[in-house]
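Welcome! Take a moment to look over the model below before reading on.

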Amino acid sequence: MIIASRKHKENIAEYLLYMWQIEDIIRANGLDIDRIKSSVIDKFELTDVQRKEMEEWYESLIDMMRREGVEKSGHLQLNKNVIIQLTDLHLALLKDPRFPEYTAEFYKTLPYIVELRAKAGENPAGEIETCFNALYGMLMLRLQGKEISVQTMEAVAQISKLLAILANDFNLDREEKLFPPEEDLN
């Protein structure tokens with residue numbers, strides 16, 4: 001909760017990956033708050049107030065997961081909304097000639113996205129979600145101690161570059177510094 005809040009303010013890409021990990025932690029604990037208390041919350045040095053807030057946060061996420069039917073797989077709507085916001089910004093950046101660096105980085109990343117989407121089967125995710133799926137997959141491989149090919153490392157490095165630019169632009173947009181209002185020319 002504390003980490004999620006900080007990441008949401010500082011780096012939306014890290015926030016989203018963190019929240020996907022939280023979803024998986026909740027699933028791994030059978031959507032059981034008592035198991036989450038012992039395996040997650042109790043590991044932190046917290047005041048009683050912080051502990052109560054963290055328990056309530058996990059309980060609210062568990063409730064949302066049940067109501068939204070993502071107990072086994074999928075993502076909470078609040079996380080899907082982040083993907084939607086990032087996709088909207090991605091498309092706006094591609095359309096705007098003031099962002100040639102972003103467009104160039106996207107076209108360097110596109111072959112990897114196309115390859116990943118081809119492997120996704122019948123319902124491939126959108127471009128930005130595909131990028132996040134790749135980074136999350138890499139995170140899971142690392143956590144499992146699995147070997148990662150040079151090609152995968154290259155793809156993830158390029159995808160990371162693109163998402164870092166997008167996350168930075170997201171912060172600028174949130175501060176209304178990315179698309180400054182057109183100045184009156186009259």
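Predicted model: local features only at pLDDT ≥ 70, side-chain atom pairs only at ≥ 80, totals over all residues.

Residues are numbered from 1 along each chain as its sequence is written, and side-chain values use heavy atoms, with hydrogens and water left out.

**The whole chain**

The protein has eight helices and zero strands; helices (H or I, at least four residues) and strands (E, at least two) are DSSP runs, numbered from the N terminus. Its C-alpha trace spans about 60 × 45 × 30 Å along the principal axes. Of its 186 residues, 37% count as buried, meaning under 20% relative accessible area with a 1.4 Å probe, protein chains only.

Confidence is given as pLDDT, the predictor's score for each residue from 0 to 100.

| Part | Residues | Mean pLDDT |
|---|---|---|
| Helix 1 (lowest) | residues 2-10 | 84 |
| Helix 5 (highest) | residues 77-95 | 98 |

For the protein as a whole the mean pLDDT is 94, and 97% of residues reach 70 or more.

**Helix 8 and its partner**

Helix 8 (residues 150-174) has 25 residues and reaches 36 Å from its first C-alpha to its last, close to the 36 Å expected at 1.5 Å a residue; that expected span is 1.5 Å times one less than the number of residues. Its buried residues include Ala155, Ile159, Leu162, Leu166 and Phe170. Among the elements covering the buried residues of helix 8 are helix 1, helix 5 and helix 7 (127-143).

Helix 6 (100-119) is also part of that cover. In helix 6, Tyr102, Phe106 and Tyr112 are among the residues in the contact (heavy atoms within 4.5 Å), and the helix 8 side includes Gln158, Ile165 and Asp169. Just after helix 8, glutamate 176 takes a positive phi of about 60°.

Not counting residues up to four places away in sequence, alanine 125 touches Arg117, Thr130 and Asn133.

Terms used
Buried < 20%, exposed > 50% of the residue type's maximum accessible area, 1.4 Å probe, protein only.
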